[in-house]
Amino acid sequence: ETWSKYDPSAKGFIQISNFKEFMFDLGSPLGWDDSYRNNDREQEKFIISLELNTYNDFMSYEYQDLLHALCLGIKIREEKEETIKRKE
């Protein structure tokens with residue numbers, strides 16, 4: 001459902017410019033929760049960690065690439081949370 005909001009013609013791509021809004025709309029566990037809101041540094045670190053391929057002259061992300069990367073992103077967040085717990 002969330003994907004179709006950003007890819008209404010079902011071409012399998014979303015614009016990179018819509019990525020952050022998509023992540024907030026998607027929500028946890030694949031997307032971002034409120035801890036990412038107003039935290040540009042964490043957003044950028046997360047995006048870089050996904051190592052996504054770009055398409056259409058660096059304007060779009062592809063559905064399968066993004067889904068795969070977000071599933072791996074869950075692991076990244078879990079490791080981050082575990083590190084924070086260990087420091088406490």
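Which residues of helix α2 are buried? In this predicted model, which is numbered from 1 along each chain as its sequence is written, local features need pLDDT of at least 70, side-chain atom pairs count only at pLDDT 80 or more, and totals for chains, interfaces and linings use all residues. Side-chain values use heavy atoms, with hydrogens and water left out.

The protein chain contains four helices and two strands, taken as DSSP runs numbered from the N terminus (helices H or I, at least four residues; strands E, at least two). Along the sequence these elements follow the pattern α-β-α-α-β-α. The C-alpha trace spans about 45 × 20 × 20 Å along its principal axes. Of the 88 residues in the protein chain, 31% are buried, that is, under 20% relative accessible area with a 1.4 Å probe and protein chains only. Among contacts (heavy atoms within 4.5 Å) between residues at least 6 apart in sequence, 49% join residues at least 24 apart.

Helix α2 covers residues 19–26, and its buried residues are F19, F22, M23 and F24. The cover over these residues includes α1 (2–6), β1 (13–15), α3 (40–50), β2 (60–62) and α4. After α2 comes G27, which has a positive phi near 70 degrees.

Helix α4 comprises residues 63–87 and includes E78. A69 is also found in helix α4. A69 counts as buried because its relative accessibility is 6%. Apart from its neighbours within four places in sequence, A69 is in contact with L50 and L52. The C-alpha atoms of A69 and N53 are separated by 10.0 Å, the two residues being 16 apart along the chain.

The accessible surface of the protein chain comes to about 6200 Å², and carbon and sulfur atoms account for 50% of this surface; areas come from the Shrake-Rupley method with a 1.4 Å probe, and for residues only the protein chains shown count as cover. The chain carries 12 positive and 18 negative side chains, with the centres of the two sets 5 Å apart. Lys and Arg count as positive and Asp and Glu as negative, without His and the chain ends; each charge is placed at NZ of Lys, CZ of Arg, CG of Asp or CD of Glu. D33, E78, E79 and E81 form a negative surface patch. Patch residues have over 30% relative accessible area and no salt bridge, and like charges are joined within 9 Å; a salt bridge is a side-chain nitrogen of Lys or Arg within 4 Å of a carboxyl oxygen of Asp or Glu.

Technical notes. Patch = residues over 30% accessible without salt bridge, like charges linked within 9 Å, V, L, I, M, F, W, Y side chains within 5 Å. Buried < 20%, exposed > 50% of the residue type's maximum accessible area, 1.4 Å probe, protein only.
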